[in-house]
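Colleague: I would like to learn how to read a model like this one, feature by feature. Could you take me through it slowly?

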Amino acid sequence: MKKLLLVPLTAAAFVLAACSTEKPGTPSAAPSSPAQGGESTAPTTATGGADPASIDPCSLVGAADLASFGTFEPPVPENVGGARVCEFTKDSQTAADSVTLSVGVRDKQGVDGVVDGGNGKTTGNVNGRKAVLVPKPPASCLMALEISASARADLVVVSTDPEKSCGMAEKIADIVEPKLPKG
């Protein structure tokens with residue numbers, strides 16, 4: 001699988017500090033580390049042209065995929081803001097170590113509809129798939145991956161550090177992207 005380079009941390013810090021509406025560039029997933037104690041779960045790639053409504057967001061990330069980030073509680077499925085979402089919360093001893101990952105599928109909203117919220121957004125691709133990275137200070141980051149022109153998968157990471165959140169979102173995008181249908 002072809003992997004692209006991460007936006008350098010200094011550039012990510014610049015994006016976080018900037019106030020313009022859109023940043024040129026290429027968000028791209030980082031090479032993911034193998035899960036502790038074994039391999040990552042095998043991708044369950046959907047077939048080309050699959051209906052986004054048939055995608056279960058909880059099937060896009062597994063415990064083995066998250067092992068390099070710590071131990072997470074079982075996923076909690078819910079519907080939030082027009083998306084089917086699966087939320088993963090890290091078992092943590094302190095608030096500083098706290099992390100929440102939400103994996104959502106939006107059946108009727110494409111990546112062109114991602115709003116930057118005033119902190120800028122970086123458009124590009126992850127493994128050839130159109131993507132948008134949006135830092136959302138003080139502590140979260142959104143990575144949106146195109147499923148089709150009118151559907152997308154959203155990866156939202158909330159931690160105590162926006163750089164950490166965006167870095168994790170980019171790594172999770174590399175796990176999720178091969179499991180999405182090709183348009």
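Predicted model: local features only at pLDDT ≥ 70, side-chain atom pairs only at ≥ 80, totals over all residues.

Colleague: In what order do the seven strands form the open sheet?

Modeller: Helices (H or I, at least four residues) and strands (E, at least two) are DSSP runs numbered from the N terminus, and two strands pair if DSSP finds at least two bridges between them. Here the order is β1-β2-β3-β7-β6-β5-β4, with antiparallel pairing. The edge strands, β1 and β4 (122-126), each pair on one side only. From one strand to the next the twist averages 25°, where axes are lines fitted to C-alpha atoms, for helices over the stretch in contact, and angles run from 0 to 180 degrees between N-to-C directions.

Colleague: Over how many bridges do β3 and β7 pair?

Modeller: They pair over seven bridges in the antiparallel sense, and T100, for instance, has V158 in β7 as its bridge partner.

Colleague: Which residues of the largest nonpolar core touch the most other members?

Modeller: In soluble globular proteins, nonpolar side chains tend to be buried together. A nonpolar core is a set of buried Ala, Val, Leu, Ile, Met, Phe, Trp, Tyr and Cys residues joined through side-chain atoms within 4.5 Å, and buried means under 20% relative accessible area, exposed over 50% and partly exposed in between (1.4 Å probe, protein chains only). The largest core in this model has 31 residues, of which L66, M143, L145 and I172 touch the most other members. Elements that give two or more residues to this core include β2 (83-89), β6 (140-148) and α3 (162-176), and α3 gives the most, with seven residues. A second, separate core of six residues includes V114, V132, L142 and A144.

Colleague: What is L145 in contact with, once its neighbours within four places in sequence are left aside?

Modeller: Contact means heavy atoms within 4.5 Å, and the partners of L145 include V111, V126, L155, A173 and L180, as well as the charged residues R129 and E177.

Colleague: How many salt bridges does the structure hold?

Modeller: A salt bridge is a side-chain nitrogen of Lys or Arg within 4 Å of a carboxyl oxygen of Asp or Glu, and the structure holds eight. In one of them the side chains of D65 and K179 meet at 3.2 Å, N to O. Because D65 lies in helix α2 and K179 in the segment after α3, this pair ties together parts that are 114 residues apart in sequence.

Colleague: Which salt bridges does E177 form?

Modeller: The side chain of E177 meets that of R129 in a salt bridge (3.2 Å, N to O), and both residues are buried. E177 also forms a salt bridge with K182, the closest N and O atoms being 2.7 Å apart. K182 counts as partly exposed, at 43% relative accessibility, whereas E177 is at 2%.

Colleague: Is P74 buried or exposed?

Modeller: P74 is exposed, because its relative accessible area is 64%, and its place is in the loop between α2 (63-66) and β1 (76-80).

Methods:
Residues numbered from 1 in each chain as written. Heavy atoms only, no water.
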